Each structure stands twice: as C-alpha cells, then as structure tokens.
Amino acid sequence: MSDQQDAGSPSPHGPTGSDSPHDQGHEAAHGHIHEHGHGHGHGHDHGHERRGPAGRRFGRLLSRAGHALTPHSHDSASRTDTALESSSRGMRVLAVSFAVLMVTAAVQAVIVAFSGSVALLGDTLHNVADALTALPLAIAFSLGRRAATRRFTYGYGRAEDLAGIAIVLIIAASAALAGYEAARRLVDPQEVRALGWVAAAAVIGFVGNEWVARYRIRVGRRIGSAALVADGLHARTDALTSLAVLLGAGGSALGYPIADPIVGLLITVAICLVLRDAAREIYHRLMDAVDPALVDHAERILAATSGVRRVGSVRLRWVGHTLRAEVDIVVGGDLSLLQAHAVAVEAEHRLIHHLPRLGAATVHADPDGGEGADHHAVLAGHR
C-alpha cells in the first residue's frame with residue numbers, strides 16, 4: 001500500500017465499539033481522541049479511481065461513514081500476537097545463548113583443571129555469569145506477556161528496562177573484577193601450564209561469546225529490546241576477555257609473563273567502553289528517549305494524511321519493545337464530527353502501518369480556527 005494511495009482515501013474500517021453520548025459531546029467540543037492497538041498485515045484496494053468527481057466524493061463519504069460506524073476489523077488480537085511473538089523470539093534467544101555459553105564454560109573448566117590458568121578460570125567464571133544474565137531477561141520477557149491491568153495500565157513492558165539495569169550492573173562488576181585480577185597479576189605474575197590448551201580454550205571462549213553477542217544484538221534490535229541489546233554487549237565483553245587470555249598465553253609462551261596482566265588492563269578499558277554504551281542505551285530507554293528520526297517520520301506520515309491541515313505535537317515512548325504514540329492534528333473546522341473522526345482514524349491507521357514497532361496510537365484532532373486560535377484556552381491555567 002503506497003503512501004499516495006493511503007492519503008487519497010480513508011481506510012474502510014471503523015473504530016472498535018461505539019461512542020457513548022458523553023464521548024460524543026466531548027468530541028464535539030474538543031475534536032477527536034482515538035486509540036487502537038492494531039496489527040496490520042494487509043493491503044487495501046481502494047476503488048475510487050474509475051469513478052467521476054461526484055462518484056469519488058460520494059464513495060469517499062461512504063468510506064468515512066463506514067469507518068466511523070462499523071467495527072474496526074484490525075482488533076487488538078493481532079497486535080497482541082505480534083507482541084507475544086517478539087517476547088517468544090526473545091525467550092528463544094535467551095535459551096539458545098544460555099546453552100551455548102554454558103557449554104563454552106564447561107569446556108573451559110575442563111582445561112582449567114589441568115592447566116592451572118587463573119586467567120582462564122576468571123574467563124570461565126565470567127562466561128557463567130554472562131549466561132546467568134539470561135535469568136532477569138527471561139523474567140522480564142515473561143512479565144511482558146501479561147495483559148495490562150487497572151494498576152499497570154500500560155502493561156509490564158518496563159520490566160525489560162529493569163532487567164537492563166541489572167545487566168549494566170553485571171557488566172560494571174565484570175569490569176571491576178577484570179581490572180582487579182589484571183592489577184594483581186601485574187604485581188605477582190603466575191606461571192601457566194599447557195599453554196596450547198589454554199590458547200585453544202581462549203579461542204573457544206571468544207567464538208562462543210562473539211556468536212552469542214551477535215545473536216542477542218541482532219534480535220534485540222529487531223524486536224526493539226534495549227535490555228537484550230545490552231546483554232549482547234555484555235557477551236561481547238566476555239569475548240574480549242577471552243582474547244586477553246589468548247594474548248596473555250602467547251606472551252607467556254614467548255617468555256613475557258607480564259604480558260597477561262598488561263593485556264588484561266587494556267581489556268578492562270575496553271569493557272568500560274562497552275559499559276558506557278550499554279548504560280547509555282538503558283538510560284535513554286528509562287528517560288523515554290527515542291530516535292528523533294522516528295518523530296520526523298511520524299510527522300511526515302501525519303502530514304500526508306488526507307484531511308490533516310497541520311500536525312501538532314508528536315510524542316513517542318517505548319514500553320518494553322513496542323512504541324506508543326500520542327499525536328495532535330488539526331482538521332478543517334467545517335467538518336462534521338463523523339468526518340473529523342474518519343480523518344483521525346485514517347491518521348492512526350497510517351501511523352500503525354508505516355511507523356516501525358508501533359504498538360498503539362492516540363490521535364487528538366482539533367478544528368482549524370485560523371492562526372492564533374486556541375481551542376484549549378480553558379486548560380491554559382493547568383499546563
């Protein structure tokens with residue numbers, strides 16, 4: 001469905017349910033407020049092109065009337081299914097990555113037993129800790145499946161952000177532990193046996209962690225989960241730690257035991273850089289920050305909607321791994337309540353179709369009273 005087709009005719013579907021007399025009176029005074037959480041996976045066939053001007057106008061009026069008076073076929077079930085599918089994908093990522101990391105740690109533990117490598121022991125414990133970060137995320141994804149309640153009216157999506165805080169704290173603890181161990185070995189270097197096996201274990205640790213990192217980050221960005229992305233960044237720090245073990249083993253083989261702690265300190269700095277990125281990601285999510293390009297995109301979608309004269313405020317926020325939108329639009333002051341309603345629904349319809357990861361939208365329509373007109377003057381003292 002192209003934007004031009006969308007703008008040319010409103011969607012032929014109406015809102016969910018009917019308006020009460022109280023709601024109609026409120027909308028007559030203040031425009032229209034409409035919210036859906038719909039799933040859309042279809043196209044529309046608008047058959048107005050073959051009609052004459054009068055036929056097109058009549059068809060457009062019928063379409064708007066039908067949209068306002070008939071149940072909207074895009075009920076919330078599809079959008080709920082999409083959210084559940086995202087959570088299911090997140091749970092699948094956690095299960096697979098947990099298994100990969102635990103197998104990696106088990107292989108390393110066997111080599112630690114006969115090599116006596118303290119560096120490899122630290123890397124092994126680090127991998128176990130990384131695997132265990134799947135637990136708070138799994139709890140968050142499970143909570144996110146719950147329906148909204150009268151107390152938690154936006155649902156439980158914020159649990160992912162809380163899990164993200166736990167992950168950031170684990171990364172910080174990993175950085176502190178890595179720095180401490182590196183400094184201690186710099187003061188008191190230790191001899192390592194079976195360097196070849198230690199090097200092999202380091203490579204296994206790097207490959208396992210880097211694969212998990214890429215998997216978590218890719219799916220986390222696809223489903224919009226900042227916490228899963230942060231957990232992927234944490235796995236990448238473990239991959240760097242494994243490289244430190246490899247480089248340290250190489251330095252020891254060349255007769256430079258001090259190489260291990262020096263490389264460990266450099267890796268600590270790298271872990272701190274990853275910590276900064278993960279903390280920034282979670283901080284932005286907690287502060288309801290969004291990419292400004294998303295706001296620009298939403299404004300363009302609204303401005304291209306037939307019947308929208310101007311676009312007012314556009315507010316977006318993440319709730320878990322889905323977006324919610326609250327927007328204001330200005331429509332013609334001569335439109336009937338039915339017509340203004342149809343324009344608002346079409347604006348919402350286009351947003352849901354064209355704005356990625358949008359789970360629900362609230363559209364408020366104001367009548368155009370000309371420049372300087374304020375239809376909310378009575379609320380000025382409450383702003």
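**Stop 1: Arg222**

Select Arg222 to begin: it is partly exposed, with a relative accessible area of 47% (buried is under 20%, exposed over 50%, partly exposed in between, using a 1.4 Å probe and protein chains only). Before moving on, note that this is a predicted model, where local features need pLDDT of at least 70 and side-chain atom pairs count only at pLDDT 80 or more, while totals for chains, interfaces and linings use all residues. Residues are numbered from 1 along each chain as its sequence is written, and side-chain values use heavy atoms, with hydrogens and water left out.

Arg222 sits in helix α8 (helices are DSSP runs of H or I with at least four residues, strands are E runs of at least two, numbered from the N terminus). Which residues does Arg222 touch, leaving aside neighbours within four places in sequence? Show Arg89 and Arg357: both are in contact with Arg222 (heavy atoms within 4.5 Å).

**Stop 2: α5 against α8**

Select 118–132 for α5 and 195–223 for α8; they pack at about 20° with their axes 11 Å apart. Axes here are lines fitted to C-alpha atoms, for helices over the stretch in contact, and angles run from 0 to 180 degrees between N-to-C directions. α5 and α8 are therefore roughly parallel (under 35 degrees; over 145 is roughly antiparallel, 65 to 115 roughly perpendicular, the rest oblique). To see the contact, show Leu120, Asn127 and Asp130 of α5 with Val198, Ala201, Asn209 and Arg216 of α8.

Stay on α5 and colour its buried residues, among them Ala119, Asp123 and His126. Look down the axis: the buried residues fall within an arc of 160°, so they line one face of α5 (the arc is that of directions from the helix axis to the C-beta atoms).

**Stop 3: α7 and α10**

Next, pick 159–187 (α7) and 259–286 (α10), whose axes come within 9 Å and cross at roughly 165°. That makes α7 and α10 roughly antiparallel.

**Stop 4: α11**

Finish at α11, residues 292–303. Leu294, Val295, Ala298, Ile301 and Leu302 are buried here, and they cover an arc of only 125°, which puts them on the same side of α11. Turn to the other side for Pro292 and Arg300, both exposed. What covers the buried residues of α11? Show β2 (308–319), β3 (322–331) and α12 (337–354), which are included in that cover.
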